[in-house]
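Subject: Structure for you to look at

Hello,

I am passing on a structure for you to look through. My notes on it come after the structure.

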Amino acid sequence: MGQRSFVNSREINSPFGKESIFHNYYDDPIGFTFYEGETPEEDQYTYTIIALESGLEVFEKYKSDQYQPKSKEIYIFVEKQNSGKNNLFGTACRVKMGDERRELMWKLYDKKTQISVNDDTNLAGSIEQWAEDISYFKRETDEAIDKDVLAHAVKLELSNKTDANKIFQTLFGLNDKLADWIRSGVEAMDGWKLTEENYDFEKYGEKLKPIIPVNFFSQAPDYLYTGNQNKKIIKDSGLNALTQLSDNLDQIIFTKAYVLVKITPGFHDNVAYGVVWFIKEFLEESLPENLKTLLKKIKTIFAQAKQFIQKIGKELQKMAAVYNAFLCGLVNGLISLLQMVVWLVAFVIDNIPFLELENLSKEKLTEYEEKLEFVEDLIDLIRENISGVFEGLLASLDTLGEDIQAFALVVGRKIKNLSRYWWAFIIGAVAFELIIDAVFAFFTGGTSLIASISRVSTQLAKKGIKVAETTVKNIASSASSLYTSVKAFFREIIEAIKSGKFIDYLKKKFFEITGDVQGLRKMALSKWLKKFDKSFFAHIDGEAGIREYRSHNVNLTFEYLEGQGGHNANVLSKSIRRRPYTKFDPDPPIDDLPFKAEIDVLYRGYWLPKNQTSSIFPKNWKLDRIQEEIAYVYENTVAKGVGLNPDSAGKRFKQYKFKDSSNKFDIIIEIDDSGNIMNSYPK
């Protein structure tokens with residue numbers, strides 16, 4: 001017998017109504033069936049559990065206007081229970097409730113009423129008991145939820161205060177120096193990065209300490225073909241650094257704690273082993289369990305990297321020295337990525353005001369929790385995707401080495417006195433650089449360079465190479481949008497490797513980091529050159545077009561020829577001219593800025609006037625530069641599905657708008673249904 005049947009059978013009608021000790025409410029999941037008439041409508045409440053893959057999704061749905069519960073409903077957003085996930089900061093959970101539901105939960109909070117969950121006869125008389133009942137009924141399902149997690153979420157929504165504060169205080173109450181220790185560990189990890197003695201074959205020769213075996217010939221050290229009697233092999237001694245970093249990660253990250261104990265009075269050099277044992281025991285007993293899990297997962301990623309490098313060393317037949325330099329850069333980029341994860345833990349710990357937790361608003365606490373969820377989701381995202389990156393690189397061994405060398409030689413010509421191995425090293429590190437910038441900029445509010453982490457941008461700057469700050473200008477608006485960006489980054493890089501376009505991907509990222517807009521423009525043009533329709537060139541140089549004129553006095557429509565297009569300054573005084581007795585605007589035109597003019601278009605020996613003022617690309621831009629800029633706009637709008645003028649959606653040609661590569665003015669491009677470029681002009 002369920003609670004409804006029991007209540008209907010006892011025939012007790014108290015004059016106190018809902019205030020009676022015999023009165024109770026019913027809380028059922030959406031879709032729960034019971035016999036009509038068994039429950040008074042005013043006593044029926046419902047709950048919905050929305051189980052999500054990540055903590056960031058929990059906060060995204062919680063803040064979304066898409067989920068608006070009815071008056072008696074409560075939505076429960078919870079992170080799915082997954083033993084493989086790195087729940088460093090606990091399971092994320094938030095609730096949203098309607099007005100009547102909120103009033104009911106307040107009564108339950110004050111223990112002034114009872115609720116039957118799923119028609120159970122064991123009534124819940126408190127928030128904790130209600131949460132326990134829901135947890136019980138959802139056990140071993142996709143909607144499983146921990147009772148304490150749910151109770152904390154409800155209390156937070158009710159009063160802006162929560163027992164979850166105690167979790168924060170327990171988690172970070174280990175030592176007020178914990179964040180300081182971790183930051184020092186980030187700096188210590190930097191000392192394990194590979195240096196020029198690991199990658200610069202030109203400088204070190206046989207004294208090189210590569211991470212893969214390097215075969216070379218004494219006559220021609222860089223033509224690495226097998227079968228020659230003069231071939232020599234340099235062993236992969238540099239790989240030991242990655243092994244030691246992985247094996248000793250705990251000690252490296254908490255190196256400051258080790259140093260502090262070693263300099264404590266009473267400890268001497270002859271008890272160094274005992275000191276290390278003491279610290280390991282202390283950390284094992286005192287660190288939060290999930291922080292130790294985070295470190296284990298970072299070790300797993302390093303182990304994957306080591307296996308990947310060893311496989312390459314066995315399979316690589318040529319270009320080993322260049323490939324080694326590239327891999328050194330890739331490994332350093334990966335170390336920077338994992339340093340970033342560890343740094344984020346320290347940053348968040350250091351910035352949560354633990355002494356003020358009881359006074360924090362629900363919104364502020366949500367903001368901190370959302371950042372914690374980003375950290376834990378990020379490490380899982382890296383771990384899940386890094387193998388795809390490694391496997392893709394293994395599959396492209398035959399051509400990638402030559403592509404890397406070719407690109408290294410190209411950029412090397414622009415800046416002298418830097419070897420192809422240095423450039424190959426930098427190219428390898430570029431892959432992870434921009435996403436690191438984006439994450440740092442989000443957490444710090446704009447600062448993308450962290451002193452304790454050496455980066456490609458730092459190394460470029462030391463060589464006098466300009467580094468762009470494009471990432472800082474586009475800081476993600478929320479942790480969930482940042483997570484989406486990181487996810488898209490891995491998807492993009494893996495797809496580039498699988499499609500054989502990894503080197504193009506690296507070129508683009510390199511040009512973005514160095515602010516080489518010319519390189520970006522040329523890449524865009526090579527990618528989208530075929531999208532320029534033949535009619536585009538005729539139009540931009542000026543052409544005759546038919547225009548209709550409808551008379552208001554008589555029911556007649558007239559057609560006449562007029563000048564159209566004419567946006568290319570290179571054809572002034574050829575196929576187009578400035579109309580007599582008019583001036584350019586500005587006059588004279590300024591280099592690298594568009595200008596306007598009243599023009600005529602040459603047609604069969606006659607000048608046809610263009611009725612509209614023509615907007616013309618800068619006078620010093622040749623046609624190839626104009627095409628590069630248009631392709632650059634195409635790459636940043638049409639290719640990404642953004643920048644569409646909604647007013648043009650139903651028209652013959654769709655219009656897209658984006659800034660020119662110097663960010664000085666807008667360029668409009670017009671595209672047909674097949675994605676071909678039909679027209680373009682500056683705005």
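The model is predicted.

Sheet. Three strands form an open sheet in the order β15-β16-β17, and the pairing is antiparallel. At the edges are β15 (654-659) and β17 (677-682), each of which pairs on one side only. From one strand to the next, the twist averages 20°. The antiparallel pairing of β15 with β16 (residues 666-671) extends over 6 bridges.

Helix α25 (residues 623-636) lies across β15, β16 and β17. The angle between α25 and β16 is about 75°.

Helix pair. α25 also packs with helix α23 (residues 517-528): their axes come within 8 Å and cross at roughly 80°. Angles of 65 to 115 degrees count as roughly perpendicular, so α23 and α25 are roughly perpendicular to each other.

On the α23 side, the residues in this contact are Leu520, Arg521, Lys522, Ala524, Leu525, Lys527 and Trp528. On the α25 side, they are Asp624, Arg625, Gln627, Glu628, Glu629, Ala631, Tyr632, Tyr634 and Glu635. By class, the contact of α23 with α25 has 7 nonpolar, 1 polar and 8 charged residues.

Regards

Technical notes. Residues numbered from 1 in each chain as written. Predicted model: local features only at pLDDT ≥ 70, side-chain atom pairs only at ≥ 80, totals over all residues. Heavy atoms only, no water. Pairing = 2+ DSSP bridges. Helix = DSSP H or I, 4+ residues; strand = E, 2+ residues; numbered from the N terminus. Axes fitted to C-alpha atoms, helices over the stretch in contact; angles between N-to-C directions. Contact = heavy atoms within 4.5 Å. Parallel < 35°, antiparallel > 145°, perpendicular 65-115°, else oblique. Nonpolar A, V, L, I, M, F, W, Y, C, P; charged D, E, K, R; others polar.
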